[in-house]
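Hi,

Here is the structure I promised to pass on. Have a look at it first, and my notes follow below.

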Amino acid sequence: MTDRDRRDPRIVHLRRGGTSVLVRLDGDRLPGVLHWGPDLGEVDADHLDELVPALMRPYLDSAVVTQETVAVLPQHSSGWIGRPGLLGSRAGRAWSVAFDRVDHEVEEVEESGSVSLHSVGEDVSGELRVSIELELTADGLVRLRAGVRNLGHEVYQLDRLEPAIPVPDEAAELLDMAGRHNHERAPQRRAFDIGHWTRESWGGRPGHDSASTLCAGRPEFGFRSGRVWGVHLAHSGNQVLGAERSFTGWRLLRGGELLLPGEVRLAPMEAYWSPWLLASWGEGLDELSARFHRYLRRRPHHPRSPRPALLNTWEAVYFDHDHAKLLVLAEQAASVGIERFVLDDGWFRHRRDDKAGLGDWYVDEEVWPEGLHPLVDRVHELGMDFGLWFEPEMVNLDSDLARAHPDWLLQTEHGPGLASRFQHVLDLGHPEAYAYLLERLSALVGEYRIAFIKWDHNRPLVDAGHFPDGRPGVHAQTQAAYRLMDELRSRHAQLEIESCSAGGGRLDLGVIEHADRVWVSDCIDAHERHRMVRWTGLTLPPELMGTHVGGGVDHTTKRSHGLDFRAGTAIWGHFGVEWDLTQVSDEELKELAVWVSFYKEVRHLLHTGDVVRADLANPALQLDGVVSADRSDALYRLSALDHSVSWPADRVPLPGLDPERTYVVTAQPPGDGAVNGPEVVGHVGWTGTGLRLPGRLLSEVGIRAPLLDVDHLVLIRVHAI
């Protein structure tokens, strides 16, 4: 940076993937974003210079009120009197950060096609170096994080590091998620009023009530229309997402790790980096979502092999591990086309219920006198690979491990605290505990040629301190869990990991860097799963979401659904079965086999295409779809989730098609029973042999919705001619 750059502000224009980011760079301030959204095209350097006076605010009586820009790490010392982006001190000193100089560098990254801004600020008197990394990916997604390095001789305690990115005044409505166990991802909206809307997660994981993605957009924005901006924190521990609107007119979306008291104490020259805050925008939520999906799919380690249809044993046998029954279950699974057999909880020592055994990762000799080999060998003979359930981060007090090593539990001076599901937390920050887990898991993966781990995490973290001093341990626990997953995968190249946390408690884009899919929820009720998968899918594409066919009566809600509705819902992700197939009729087995075969036929489309969702005026109906990248093929699912006030229902659009191409529209077997079955009343004109229409008419005019009973669906296939 030249002397002139240090005196005069300049604006840089970052462009990628249909997104422009204009950033103001000053020689004594961290960067401030002036525009983040639609691509502005080529902008002359002279015009960028003219933006500085063009955006200058009228000076009133205070630079505090004027605030021409707010840095991506807002500071009180710069006049910001909202929530600071950086808080910390040396025993109450050096708590206000101001910069003597800030250096900025823009870098083109050829391998990834992204462009990055790196800014480093020096606070000489405060003895701190603060860094900002802002990356615009090839897909138009913004990645933002901040770092702090202690340049002093005394410990610097960091209390908060929360990057922020502004949105314009038109972003007047907020959307985030709420929920609970078995009812995750319930959307909620509110006005973006003056003040601070904060969503915090204090349980050592994002949680079932996680905000997930915090969006701000034009009032009543939907999936297909209404400009919207959103942020997601790629972090699996304690976290905060916030939306702040100041009386001076700024609207910020922000996020960071929630740090417990004294959790990050930086010794001389030590540094801390915040998790990545991922930010996307779009003309509607579908475009916002597509940037996340394309970014994830571009990663070198993204799963690209066909996602195997799997069977998980939990709702078939629970803790009752009867060898003979499991062999029959495996044979039934193979007969319908299942490719992966996953043995769930109950296989290890002392584990006859959820009160004992967690931590004792040895095959139970009483239940499995020959080990798991007879089952695993039979699974492999049947042409399936084998998966196994673990909950590595947890421990029961009634276990050999806890009795031998009570000091390996996360605990404060009050002890390990409250139990949850009769379990506590193993301290992965303890080197010996970590080494024990790595050795046991790795040994079992190697011995049984395990291809897949269902990695569970059922208990929130409370009183999570290191023994013996009780210092906070959530940050270290989160980082150690990531390392453990990575080291297992590096030792066993074939291994895939599913992130499960009592279902949907840990589905963030931090853990997905170390896992291959997530378990959306412990509730696989097909009615509930329509909402859960749709909203979890804001960030995660279908191939990363586990979606299973359950039994006729759901385990959690006691609702009863037909197989077509259950299976037609489950194909909208990484398909699996969680059902006691030993108790299923031959006719149902044949029907299930047809659905498994259909999943294999369409999984390439579902797992590489663009996800689209329609904004339907009728709240009783939901339409979701996936359109191939070349717009030649599409699959839609139209579902009736409630009784409709209007009858028959109105037209439904088919979004995402090429407006200039002509398509053949048909009802897709096996999901066509509701419109082509023998008892259908009131046929619609596009069923049977189908019809031909251009994409423009299909997306703008639509087709007539058939008469669907509640909790029934129809699959619609669209092929370009």
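**What I found**

Let's start with isoleucine 194, which sits in the loop between β12 (183-191) and β13 (195-201); helices (H or I, at least four residues) and strands (E, at least two) are DSSP runs, numbered from the N terminus. Before going on, a caveat: this is a predicted model, where local features need pLDDT of at least 70 and side-chain atom pairs count only at pLDDT 80 or more, while totals for chains, interfaces and linings use all residues. Residues are numbered from 1 along each chain as its sequence is written, and side-chain values use heavy atoms, with hydrogens and water left out.

Isoleucine 194 counts as exposed because its relative accessibility is 56% (buried is under 20% relative accessible area, exposed over 50%, partly exposed in between, with a 1.4 Å probe and protein chains only). Together with Ile81 and Phe247, Ile194 makes a nonpolar surface patch of about 360 Å². Patches take residues with over 30% relative accessible area and no salt bridge, joining like charges within 9 Å and nonpolar side chains (Val, Leu, Ile, Met, Phe, Trp, Tyr) within 5 Å; accessible areas come from the Shrake-Rupley method with a 1.4 Å probe, and for residues only the protein chains shown count as cover.

Now for arginine 517, in strand β28 (residues 517-519). Is this arginine buried or exposed? Arginine 517 is buried, because its relative accessibility is 1%. Leaving out residues up to four places away in sequence, arginine 517 touches a list of residues including Leu310, Phe452, Glu543 and His548 (contact means heavy atoms within 4.5 Å). The side chains of arginine 517 and histidine 574 are joined by a polar contact of 3.3 Å; that term means a pair of N or O atoms within 3.5 Å, where within protein one must be able to donate a hydrogen and the other to accept it, and residues adjacent in sequence count only if both atoms are side-chain atoms.

On to the rings: there are 13 aromatic pairs (rings of Phe, Tyr and Trp, its six-membered ring, with centres within 6.5 Å; planes under 30 degrees apart are stacked, over 60 edge-to-face, the rest tilted). Tryptophan 314 and phenylalanine 319 are edge-to-face, because their planes are at 90°, with the ring centres 5.2 Å apart. Phenylalanine 575 and tyrosine 599 are stacked, because their planes are at 25°, with centres 5.1 Å apart. That pair links distant parts of the chain, 24 residues apart: phenylalanine 575 is in strand β30 (residues 574-577) and tyrosine 599 in helix α13 (residues 586-608). Phenylalanine 575 is buried at 0% relative accessibility, and tyrosine 599 is buried at 0% too. There is also a cluster of Trp347, Phe348, Trp361, Trp389 and Phe390, linked by ring pairs.

Last, the charges. The count is 54 salt bridges (a side-chain nitrogen of Lys or Arg within 4 Å of a carboxyl oxygen of Asp or Glu). In one of them, aspartate 345 pairs with arginine 351, with the closest N and O atoms 3.0 Å apart. Aspartate 345 is buried at 3%, and arginine 351 is buried at 0%. Another salt bridge joins aspartate 364 and arginine 352 at 3.2 Å, N to O. Here aspartate 364 is buried at 6%, whereas arginine 352 is partly exposed at 37%. Finally, Arg83, Arg160, Glu162, Glu244 and Arg254 are linked in a salt-bridge network.

Cheers
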